[in-house]
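Subject: Structure handover

Hello,

Here is the structure you are taking over. My notes on it follow below.

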Amino acid sequence: MTLRALTPLEARVLAVLVEKHHTVPDTYPLSLNALVAGCNQKTARTPVMEASESDVIVALDGLKQLHLVVEVSGSRVSRYEHNAPRGLGVPSQSVALLTTLMLRGPQTAAELRLNSERLHKFADVSSVEAFLDELSSKEPARVVKLPRAPGAREARWAHLLCGEPAPELLAVSSGATATGESVSAGELSVLKAEVARLSGEMQALRAEVLALQQALGISPSTEA
């Protein structure tokens with residue numbers, strides 16, 4: 001089945017619905033509020049998003065037109081469920097891998113096996129690679145194997161549901177040395193995202209410490 005390229009938020013919405021279907025079945029299908037919270041989740045998300053309720057509604061409308069999401073009527077509020085296997089024309093195992101890639105970005109087969117465990121338990125890395133190879137050979141392809149970065153032991157995979165990956169992910173760093181100490185642009189972007197995440201956590205911890213000091217009547221430290 002040929003689909004237009006999804007927007008990054010459409011991909012995130014679809015992936016969240018698949019994820020929550022497996023991880024919180026008691027609250028699935030999801031309400032709009034729960035879906036927005038899942039899209040903006042800080043953990044297990046690359047990149048972290050700050051989508052508004054209206055943004056998610058637009059993404060839902062687009063996914064409903066593609067028959068990837070269905071709106072169901074609840075007792076008080078509308079709820080949403082995915083139709084990923086049928087809409088994408090792939091088995092549930094492949095949906096698990098695509099969902100993990102949409103939520104966390106490019107990963108190796110070993111990382112995918114670990115990170116998709118709550119969606120589907122793959123017997124070994126070879127079984128993951130078999131489904132990835134099948135997805136990459138579909139017409140159109142659903143995933144692509146990225147060039148192995150200098151110094152990396154394994155190549156990473158990226159989904160193609162939003163179109164071709166960013167050029168920096170497809171290009172191997174031209175400044176690689178024989179020792180393999182250089183990193184690709186893709187690896188550098190991942191490292192920057194991790195630094196930003198850790199910085200945010202540090203700021204949150206500082207705020208908590210300051211609040212605790214104020215509650216205990218302790219003067220904040222003025223040391224640099």
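A residue counts as exposed when its relative accessible area is over 50%, as buried when that area is under 20%, and as partly exposed in between. Lysine 121, at 61% relative accessibility, is therefore exposed. Its salt-bridge partner is glutamate 117, with N and O 3.3 Å apart. Glutamate 117 has a relative accessible area of 39%, so this residue is partly exposed. Please keep in mind throughout that the model is predicted.

Overall layout

The protein chain holds 9 helices and 5 strands. Read from the N terminus, the order of elements is α-β-α-α-β-β-α-α-α-α-β-β-α-α. Of the 224 residues in the protein chain, 38% are buried. For contacts between residues at least 6 apart in sequence, 54% link residues that are at least 24 apart.

The sheet

Three strands form an open sheet in the order E1-E3-E2, and the pairing is antiparallel. Strand E1 (30-31) and strand E2 (69-73) are the edge strands, each pairing on one side only. Two bridges, counted as 2 in the model, hold the antiparallel pairing of E1 with strand E3, which covers residues 78-82. In this pairing, serine 31 lies opposite arginine 79 of E3. Helix H3 (residues 53-65) packs on the sheet and touches both E2 and E3. The direction of H3 makes about 110° with that of E2.

The helices

Helix H1 spans residues 8-23, which is 16 residues. From its first C-alpha to its last, H1 reaches 22 Å, close to the 22 Å expected at 1.5 Å a residue. H1 is mostly covered, with 12 of its 16 residues buried.

Helix H2 (residues 32-39) packs against H3 with the axes 10 Å apart and an angle of about 100°. The range from 65 to 115 degrees counts as roughly perpendicular, and H2 and H3 are therefore roughly perpendicular to each other. On the H2 side, the contact is made by Leu32, Asn33, Leu35, Val36 and Cys39. On the H3 side, the residues are Glu53, Val56, Ile57 and Leu60.

Salt bridges

How many salt bridges does the count come to? The count is 6. One of them joins lysine 64 and glutamate 71, with N and O 2.9 Å apart. Lysine 64 has a relative accessible area of 26%, so this residue is partly exposed. Glutamate 71 is partly exposed as well, because its relative accessible area is 36%.

Are lysine 20 and glutamate 19 buried or exposed? Both lysine 20 and glutamate 19 are buried. These two residues form a salt bridge, and the closest N and O atoms are 3.6 Å apart.

Regards

Technical notes: Residues numbered from 1 in each chain as written. Predicted model: local features only at pLDDT ≥ 70, side-chain atom pairs only at ≥ 80, totals over all residues. Heavy atoms only, no water. Pairing = 2+ DSSP bridges. Helix = DSSP H or I, 4+ residues; strand = E, 2+ residues; numbered from the N terminus. Contact = heavy atoms within 4.5 Å. Axes fitted to C-alpha atoms, helices over the stretch in contact; angles between N-to-C directions. Expected span 1.5 Å × (residues − 1). Buried < 20%, exposed > 50% of the residue type's maximum accessible area, 1.4 Å probe, protein only. Salt bridge = Lys/Arg side-chain N within 4 Å of Asp/Glu carboxyl O. Parallel < 35°, antiparallel > 145°, perpendicular 65-115°, else oblique.
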